Amino acid sequence: MSHVHRHQQAHAFARSDRSPVGIWWWTTDRWMLGAVAALIAVGVMMSFAASPAAAARMNVGDPFHFAVRQCVFAGVGAAILIAVSMLDVRGVRRAAFFIYLAAIAVMIALPFMGHTAKGATRWLQLGGFTLQPSEFMKPALIVLVSWMFAEGQKGQGVPGVSIAFGLYFLSVALLLVQPDVGQTVLITVAFGAAFWMAGVPLSWVMLLGGAAVVGLSSTYFLFPHVASRVDRFLSPDKADTHQVDRAAEAIAAGGLFGRGPGEGVMKRHVPDLHTDFIYSVGAEEYGLIFSLLLIALFGFIVVRGLYRAMRLTDPFEQVAAAGLFVLVGQQAFINVAVNLNMIPTKGMTLPFISYGGSSMLAICLTVGMALALTRRRPGAYSQGEGLAKAGAFA
């Protein structure tokens, strides 16, 4: 048997490998997987850069305490991402339903048993691990509202839009009790995007947008911490802008190519350097070019994800996948914008990069769901694009 023939046979076997892993590998967007793997690797690398300074600041004995934990979170997160992306569409909906119920139940219990930090009760203390339920609620909410919008449009008497709004208002109410204005803004924009993509009349979307602006403005008067952050942003000369100034100095000190791994000096003075302000640690040590590559990776994931979502034929899959990618992109945008002092500070983590178990596991769940919904299945994509490539599993 010739070498070429053997090679062809091996390749054909790989393509027609009917094991769940084989089918998953050939139908999942591998470019997207590569970009996510790169982000997780960068996150682990940067946690080693940020950990010693963070450990010293918090008087933790082991300088790599945060880095080791981040490696564990990354491993568990990658396993969740792969497992969730193997689900079929019904599996994604079921998972979203149960995750939403669990997250909401924990959020209702938070005021009574939650862990308060920085004036907000967002965490549940479980042994040595703090769980932030609102992180897991976000992707589940987007999948559920997309499902409801799609059901409502079928015209079979399901009050989909009403249920979707009910789920959204319940989530927002529980977020504002904590109070967590950043996550509220995040889910409002993603919900609005799903609402708009579901083909709702533009006038309704404008109405929702107007209501959101009024709601956001009212948080300035209702929550003192929001007011102080906005005041600090608008008049930096009058207020203490320590965090943002230190972050800006760290970014400026990095220049084009950075000071080199582990050489960052400013990071010792940046509060929350391993969580919300990790972007500035990376910018100082690895420079502007690295920072732009990092932003480009997020851009690639979001643009490619939205492009694939738009080509899906099923309205639910289309809206849910696009909504999930909007969620990831917007979270990255808000975090980087805060680091660059373009918007007032928000306690928003950088997906895959910031230290934190809830943040890492929830973002892996989000992307896993989005990958599951955009997999090539027979008939999933218009113009037979999915059919040709998924022919092996028909």
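Predicted model: local features only at pLDDT ≥ 70, side-chain atom pairs only at ≥ 80, totals over all residues.

**Stop 1: a pair of rings**

Select Tyr168 and Phe191. How far apart are the centres of these two rings? They sit 4.4 Å apart, and because their planes meet at 10°, the pair counts as stacked. Now colour the helices that carry them: Tyr168 belongs to helix 7 (residues 160-177), while Phe191 belongs to helix 8 (residues 181-197). The pair therefore ties together parts that are 23 residues apart in sequence. Are these two residues buried or exposed? Both Tyr168 and Phe191 are buried.

**Stop 2**

Across the whole structure, a search finds 11 aromatic pairs.

**Stop 3: arginines over rings**

Next, select Trp25 and Arg30. Here Arg30 lies over the face of Trp25, 5.4 Å from the ring centre. Then move on to Phe316 and Arg93: Arg93 lies over the face of Phe316, at 4.9 Å from the ring centre.

**Stop 4: the largest cavity**

How many cavities of 30 Å³ or more does a search of the whole structure find? There are two, and the largest has a volume of about 100 Å³. To find this cavity, select Val181, Gly182, Arg229, Thr345 and Lys346, which are the closest to its centre among the 12 residues that line it. Helix 10 makes the largest share, with four residues. If you colour the lining by class, you will find four nonpolar, four polar and four charged residues.

**Stop 5: the second largest cavity**

For the last stop, select Glu135, Lys138, Leu327, Gln331, Ala362, Ile363 and Thr366, the residues that line the second largest cavity. The space inside is about 50 Å³. Which helices each supply at least two residues of this lining? They are helix 6 (133-153), helix 13 (315-339) and helix 14 (357-373). The largest share, three residues, comes from helix 14. Colour this lining by class too, and you will see three nonpolar, two polar and two charged residues.

How values were computed:
Residues numbered from 1 in each chain as written. Heavy atoms only, no water. Phe/Tyr/Trp six-rings, centres within 6.5 Å; stacked < 30°, edge-to-face > 60°. Buried < 20%, exposed > 50% of the residue type's maximum accessible area, 1.4 Å probe, protein only. Lys NZ or Arg CZ within 6 Å of the ring centre and 35° of its normal. 1 Å grid on protein atoms, 1.4 Å probe; cavity = no way out; pocket = protein on both sides within 12 Å on 5 of 7 lines; lining within 4 Å. Points joined across faces, edges and corners; volume = space filled by probe spheres on them. Nonpolar A, V, L, I, M, F, W, Y, C, P; charged D, E, K, R; others polar.
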